[in-house]
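I opened a new structure today and kept notes as I went. Here is what I looked up.

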Amino acid sequence: AVVSTQSGHYGRESKMSHSEKSGPFIAYFLQKLGCSIEYDSPLRNMGDINTETYRNTRGLYVFYMKNSTGSEAPRYPIYVGVTGRSFYERFYEHATTATGQIRKVWDGNYPQNVQGYTLYVWTLSASHISAKYLESVLLEVWNFPLNISENGAERTNLDDSAQDPPENDKHNFDISWGNYFNEIQGINHEYVD
């Protein structure tokens with residue numbers, strides 16, 4: 001899909017911005033959907049994954065990096081995913097396979113440009129179809145460094161430059177959200193016609 005903006009067109013290979021720069025808006029969006037973003041859930045070891053909460057829920061998840069424990073510290077989203085199984089099962093795979101996103105962080109393969117960051121996760125319990133839809137919208141708007149399939153290549157560096165205020169991202173997000181609804185309506189019209 002192509003997103004139109006006042007400054008041009010963006011295809012899937014050329015995203016509007018790095019997800020890390022849009023951490024405040026992504027957090028705001030997830031919070032509005034019911035995700036608890038006030039509490040940071042670190043993923044430092046297998047004990048952090050093996051919790052009752054992750055064993056009994058499924059849906060959308062966003063891995064992010066943070067370099068301090070304060071609630072005001074910037075959060076840099078790096079990967080968005082969906083699971084129809086429990087979060088525990090999916091996170092376990094991410095932690096134990098060589099290509100897993102958690103494993104990449106734990107082994108020091110990501111990020112390669114900075115140190116001192118810890119991996120965290122936001123989770124949103126949702127049906128699989130709802131979670132896939134939300135994931136698609138997020139991936140349409142932002143380039144998440146570890147979402148290889150959607151971005152064409154993995155970015156090995158964390159973009160820890162200044163983050164954009166949430167209001168700066170709202171316009172671009174509204175365009176993408178609108179594009180999805182237009183595509184769905186177009187399919188409906190094609191089918192009915």
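**Entry 1: D169.** This is a predicted model, and I began with a charged residue. D169 is buried, yet I found no salt bridge for it. The nearest side chain of opposite charge belongs to K21, and that one is 8.9 Å away; a salt bridge would need the charged atoms within 4 Å. I placed D169 in helix α8, which covers residues 166-192. Then I asked what D169 is in contact with, leaving aside neighbours within four places in sequence. My list reads S17, S22, F25, W142 and D164.

**Entry 2: helix α4.** Next I went to residues 87-96, which make up α4. Which of its residues are buried? I noted F87, Y88, R90, F91, H94 and A95. They sit on the same side of α4, because they cover an arc of only 165° around the axis.

**Entry 3: helix α6.** I looked at the span of α6 (residues 128-141). Its 14 residues reach 20 Å from first C-alpha to last, close to the 20 Å expected. Buried in α6 are A131, L134, E135, V137, L138, L139, E140 and V141.

**Entry 4: S136.** I stayed in α6 for S136. Its relative accessibility is 26%, so I logged S136 as partly exposed. Last, I looked at S136 and E150: they are 14 residues apart along the chain, and their C-alpha atoms are separated by 9.4 Å.

Methods:
Residues numbered from 1 in each chain as written. Predicted model: local features only at pLDDT ≥ 70, side-chain atom pairs only at ≥ 80, totals over all residues. Heavy atoms only, no water. Helix = DSSP H or I, 4+ residues; strand = E, 2+ residues; numbered from the N terminus. Buried < 20%, exposed > 50% of the residue type's maximum accessible area, 1.4 Å probe, protein only. Lys, Arg positive; Asp, Glu negative; His and termini not counted. Contact = heavy atoms within 4.5 Å. Arc of directions from axis to C-beta. Expected span 1.5 Å × (residues − 1).
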